[in-house]
Amino acid sequence: KMNYLYNFIQQFPYLLILFSFLLGKAFMPSVVRIAKKHNFVVKPNKRTTHKGLIPYTGGFDIFISFIFTILIFCFPLMEELQYIPIGIFIILMTGFIDDLLNIKPTSKILGEFVAGIFLIVFSDIRITNFFGVFGIHELPLSISYIFSFLVFLLMVNSINLIDGVDGLASGLGIFYNLFFGIYFHLTGNVSLAIIAYTLTGSLAVFFIYNVFSKKNKVFMGDTGSLFLGFMLTFYLFEFCEMNASHSVPQSMYMAAAPAVAICVLIVPLYDTLRVIVTRIKKGVSPFKADKNHIHHLLLKIGFSHRQVTFVLLTVTAFFTSFGLLARQWSNLVLVFVAFLLATGMIFWLWRVINRKMLRK
């Protein structure tokens, strides 16, 4: 019976979006109730823009509906994933401890690093090829490990940092999971498609509660954003590797796969790099929190949370379309043009903010 179910899902993996959604919806009231009972809530402070006590356990609902859907429908996948569930568990615990105790950035990065070991070292899922950038193709093992860990830490923390207004991290997460899920599905990598589709449904439930619920509003917390960052890095590595090894149908091959991935993920990646550079230029620690993120800038010009999320999803759709159209360009040219466009958008945004400040 289990085999029949697994074979059925192999044919129609996108059905898992619906199942994980229904499962997440069933669990969410309990997750919210338990959070309120045990005081796992965010109190308003100078860095937040919400009112009242909001549970920060949405990440657990995302994880529970995701993992149960995989266990029910795709148990054989657990063997394929090997050490990845251990990495997921470590990153969840890192996020939860940070939500609970607000740990030092160095402790948080250490937790992320340990989780990364299970993805990059034990599961051997990493960047092995530079696609001819600077004339480099195959990477030596030590360089591959170092580079993969740097990408992993950047990715996980950029998703964590973009989680600043209602629906933004989860909305982007839904977009990214659909993008990778559809690509994996079309290239015959059904196991990966199953994982991405399942997470899409889990995120959709959270998105609805986070954006539209008055009574049961919930945040994903670091538990959710670090878990999402972990999963996206996993897809990113697989996406680059399958193109590097030419193991996808010719019609689906992307000569500039890393650059296309950067275009898809440009909102969190560019924003994080920009904020870090700005902080270093000011002589401030790159870990010191401020209100200079892209969502803060859009709030400054008077956009609501929902409008900020909609604008940044539209920007993501634009850059993704551009990346797909330019997928056979050279990686360097595509990244350069994408960053040029992103920089132009930021400059325009600052001009609007400055004009608004002058008017005031």
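## Aromatic pairs

There are 27 aromatic pairs here, counting Phe, Tyr and Trp (its six-membered ring) when ring centres lie within 6.5 Å; planes under 30 degrees apart are stacked, over 60 edge-to-face, the rest tilted. This is a predicted model, where local features need pLDDT of at least 70 and side-chain atom pairs pLDDT 80 or more, while totals for chains, interfaces and linings use all residues. Numbering runs from 1 along each chain as its sequence is written, and side-chain values use heavy atoms, leaving out hydrogens and water.

Take Phe152 and Phe230: they sit edge-to-face, 5.7 Å centre to centre with 90° between the planes. Phe152 belongs to helix H7 (residues 141-162) and Phe230 to helix H10 (residues 221-244), so the pair ties together parts 78 residues apart in sequence. Both Phe152 and Phe230 are buried (under 20% relative accessible area with a 1.4 Å probe, protein chains only; exposed is over 50%, partly exposed in between).

Phe180 and Tyr235 make a tilted pair, because their ring centres are 5.7 Å apart and their planes at 45°. Phe180 has a relative accessible area of 0%, and Tyr235 also comes out at 0%. One aromatic cluster includes Phe180, Tyr235 and Phe239.

## Helix H14

H14 (residues 305-325) has 21 residues and spans 30 Å from first C-alpha to last, close to the 30 Å expected (1.5 Å times one less than the number of residues; helices are DSSP runs of H or I, at least four residues, numbered from the N terminus).

Its buried residues, among them Val308, Leu312 and Phe319, fall within a 160° arc seen down the axis, so they line one face (the arc uses directions from the helix axis to the C-beta atoms). On the other side of H14, Phe310 and Leu325 are exposed.

Conventions: Helix = DSSP H or I, 4+ residues; strand = E, 2+ residues; numbered from the N terminus.
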